[in-house]
Amino acid sequence: VQAVGMEMIWCPPGKFVMGSPSTEEGRNEDEVRREVRLTQGFYLGKYEVKQEEWNKVMGVDPSKFKGENHPVESVSWDQCYLFCQKITFMERKAGKLPEGWVYDMPSEAQWEYACRAGTDQAYPWGDSSEITRANYYDGEIKQTTAVGSYGPNSWGFYDMIGNVAEWCAD
């Protein structure tokens with residue numbers, strides 16, 4: 001996204017098992033496993049949206065934990081939707097967005113597909129949580145960290161687990 005400086009990664013169409021097995025640590029009751037087929041590929045941000053990027057588009061940074069390279073947080077679903085509309089307009093106006101394309105939040109299925117990155121594990125690194133691999137709410141840090149502070153998953157996405165919760169289109 002040239003207008004903002006965001007890096008995107010292409011996720012090809014594919015299928016995966018969405019949800020978690022009943023034995024998975026931290027599983028919620030609504031995580032019933034089912035096969036999902038994504039018939040169209042999509043782009044997704046390599047990192048969470050940085051405060052610097054948010055501020056370029058929205059003109060204000062509502063985050064509690066400040067830092068240009070930290071993820072924006074303390075934003076509503078509606079604010080995120082508006083952010084996507086604004087970058088769509090900016091890129092379209094600059095002639096950088098193909099006809100019919102828009103920026104949007106991923107669906108829950110798209111997000112989980114990119115997060116799992118072809119694996120069936122609970123986390124990108126395996127099946128147990130590890131405080132050294134992600135910034136967890138109940139960890140020692142007690143605030144966000146700069147995006148990309150922890151290693152990426154096998155598809156190159158950072159911070160899919162931890163740091164902040166992500167909004168999905170659905």
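**Aromatic contacts**

A: K50 lies over the face of Y47, at 5.2 Å from the ring centre. That label needs NZ of Lys or CZ of Arg within 6 Å of the ring centre and within 35 degrees of the ring normal.

Q: What sort of model is this, and how are residues numbered?

A: This is a predicted model, where local features need pLDDT of at least 70, side-chain atom pairs count only at pLDDT 80 or more, and totals for chains, interfaces and linings use all residues. Residues are numbered from 1 along each chain as its sequence is written, and side-chain values use heavy atoms, with hydrogens and water left out.

Q: OK, how many aromatic pairs in the whole structure?

A: Eight. Rings of Phe, Tyr and Trp (its six-membered ring) pair if their centres lie within 6.5 Å; planes under 30 degrees apart are stacked, over 60 edge-to-face, the rest tilted.

Q: How are the rings of F16 and Y113 arranged?

A: Their centres are 5.3 Å apart and the planes sit at 45°, so that pair is tilted.

Q: And are those two buried or exposed?

A: F16 and Y113 are both buried, meaning under 20% relative accessible area, with exposed over 50% and partly exposed in between (1.4 Å probe, protein chains only).

Q: What about W54 and F83?

A: Centres 4.8 Å apart, planes at 10°, so W54 and F83 are stacked. Both are buried.

Q: Which residues cluster with F16?

A: F42, Y113 and W155 form one aromatic cluster with F16.
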